[in-house]
Amino acid sequence: MGTENKEAWGSRIGLVLAMAGNAVGLGNFLRFPAQAVQNGGGAFIIPYLVCFVLMGLPLLYVEWAMGRHAGNRGHHSTPFIFGAMHKHSFWKYAGVLGLFISIGICAYYTYIEAWTLSWAYHSAMGHFMGMSQDQVAAFFKNYVALGTSEPIMVWVLCVALNTWILSRGLQGGVEMAAKIGMPLLLLFGVVLAFRGVTLTAGSHGAVNSGLLGLNFLWTPNFSSIWDPVVWRNAAGQIFFTLSLGMGSIHCYASYVKCKDDIALNAMSAGWMNEFVEVVLGSAIIIPIAVGYLGVDKVVEMTKGGSGFGIGFMTLPYLFTQWGPALSALSGIMWFGLLFFAGITSSLAMGTPVMAFMEDEFGWKRRNGALFFGAAVLLLGIPSVLSQEAFNEFDYWAGTIALVVFSLLEIILFAWVFGMEKGWKEITAGADMKVPIAFKYVIKYVTPVFLLIVFVGSLPEVWATLTKPVTFQVALARGLMVALFAGLSGLVWLAGRKKVTI
Amino acid sequence: MSTSALTIMLITEVTITAFTLYYFWKVVTTPPRAEPDSYAANDDEPR
């Protein structure tokens, strides 16, 4: 059993908002609409919702149940949460992936947070006024190419802000940030979505109405449903959007007592994320971008499915068409929204790392937060300096590791821990009736689903591993291997003795 | 908007909004458990 950890949630709504904040991220507003455009428009929603029900909801139940089970035994980080499910040491080391993913993703994710903060500032100061679209794009490219010292300073500020909020603990830090950030995010999202869909051709320089963008996004291309790539992308989006397979849901749920509900909390947070993604996320960037640029240009700009091009290089220019005051306000709301979405997610990734040091080594909360901040700063430097390193961290820590971790956790929960015990964990203290069908979906369907996604990704992984690499890519991979080895070493050490610092 | 686009959008968004509001309403209206529970805000003594 770990050292006594006195953290607690302040209120149930605070927990649900923090969990929703964990899930709601940049992907809800940038990646989802871009993926929908590239994968069959309105028809994308069918594989997307099927993946949500057969993979997303079951994994939410599983991660909440695992977290609460181990939390009541004194463990709040995935190595020892996995260890609490089965005593074989393999599972403890499999759980190291949760810490690895949290730090690995934050190493580049906090840098994107810095972009949003910078862009909110530049919007507020009117720096985009008078620029052409190409000049805004050049401004962004110069920024990420470190043409100035601003990106590094703002990134360090973002990491420091994350560290400071984490050091204030669950109730005073993470929960407080979610209680402020989530309502503001929803407010900004609703205002911008309203603006997007009410955009009319001819006003403020728009050449199309916002509804044309909505029509383009939601017009179904049913032939795409039979394309396996579309299903893979839908599954990937569900992973990404619900923050599954990262260890953060386990950690947040581990502070819930065994007699309290997890099932209803999981559903509330999960569906809240879907509302933000599908209802709000689909009504902002695509309608506004189509309104000014037309359908063909938007299709071209969403290639790759990330939406970053439109979000950072185009929208600031489009906002300037609305006049100085509305442009500044819209810029603050859009990039403020992205910042809140980002920071509530990065805080969720920092919490398990901090909890690991607190539980297993008896560290004080502040020291645990500093450890996380220092690790993110150290590992984030290559991503800040090189786009190749950035992509490498995103691919291994932010994509492949999530699938591996989720596959391992569903096997551990449904087959090693056992589905009978697992079902009792999910339904204990539940404030809703969990449909019995999920018992069988968790045991049979979700593992097969994940196995298919995993096996399907192997050819690409092999191709990535066998092609020649640059120094930056090799450095990023070396750092990730060192991170995993270092964390495994800490887990081994924690198993041997308790170190009090 | 075309009929097919409008239909898919409305069905999807109404369904998701309904589930979101329903579950959040249940969270808000479900009475808290007897102490000690998981939440510190309603504790008699600070933790």
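This is a predicted model: local features need pLDDT of at least 70, side-chain atom pairs count only at pLDDT 80 or more; totals for chains, interfaces and linings use all residues.
Start with chain B. It has 47 residues. Its secondary structure amounts to one helix and zero strands. Along the principal axes, its C-alpha atoms fill a box of roughly 60 × 15 × 10 Å. Buried residues account for 34% of chain B. The accessible surface of chain B is about 3,100 Å². Carbon and sulfur atoms hold 68% of that surface.

Now put chain B against chain A. Chain B brings 27 residues to the contact, and chain A brings 40 residues. The size of an interface is often given as the accessible area lost when the parts come together. Here chain B and chain A bury about 3,000 Å² between them. Of this buried area, 68% is on carbon and sulfur atoms. Polar pairing is present too. Across the interface there are 14 residue pairs in polar contact, with both residues at pLDDT 80 or more.

What charged pairing crosses the interface of chain B and chain A? There is one salt bridge. R33(B) pairs with D431(A), and their closest N and O atoms are 2.5 Å apart. Salt bridges with shared partners join R33(B) and D431(A) to R12(A) and D261(A) in one network.

Side chains of opposite charge can pair when their charged atoms come close. Over all chains, the structure holds seven salt bridges.

Take R365(A) and E7(A). R365(A) lies in helix α18, residues 365–385, while E7(A) sits in the segment before α1, so the pair ties together parts that are 358 residues apart in sequence. R365(A) counts as partly exposed because its relative accessibility is 32%. E7(A) is buried, with a relative accessible area of 11%.

Next, look inside helix α9, residues 169–197 of chain A. K179(A) and E175(A) both lie there, four residues apart, about one turn of the helix. Are the two partners buried or exposed? K179(A) is partly exposed, with a relative accessible area of 38%. E175(A) counts as buried because its relative accessibility is 2%.

Which residues make the nonpolar surface patch? They are I411(A), W415(A), V416(A), I436(A), Y440(A), Y444(A) and V445(A). The patch covers about 640 Å². Helices α19 (387–427) and α20 (437–466) of chain A each supply at least two of the patch residues. W415(A) is placed in helix α19. Why does W415(A) count as partly exposed? The reason is its relative accessible area of 48%; exposed would need over 50%.

Terms used: Residues are numbered from 1 along each chain as its sequence is written. Chains are lettered from A and ligands numbered from 1 in the order in which they are written. Side-chain values use heavy atoms; hydrogens and water are left out. Patches are made of residues with over 30% relative accessible area and no salt bridge: like charges are joined within 9 Å, nonpolar side chains (Val, Leu, Ile, Met, Phe, Trp, Tyr) within 5 Å. Accessible areas come from the Shrake-Rupley method with a 1.4 Å probe; for residues, only the protein chains shown count as cover. A salt bridge is a side-chain nitrogen of Lys or Arg within 4 Å of a carboxyl oxygen of Asp or Glu. Buried means under 20% relative accessible area, exposed over 50%, partly exposed in between (1.4 Å probe, protein chains only). Contact means heavy atoms within 4.5 Å. Buried area is the accessible area (1.4 Å probe) that two parts lose on being put together, summed over both. A polar contact is a pair of N or O atoms within 3.5 Å; within protein, one must be able to donate a hydrogen and the other to accept it, and residues adjacent in sequence count only if both atoms are side-chain atoms.
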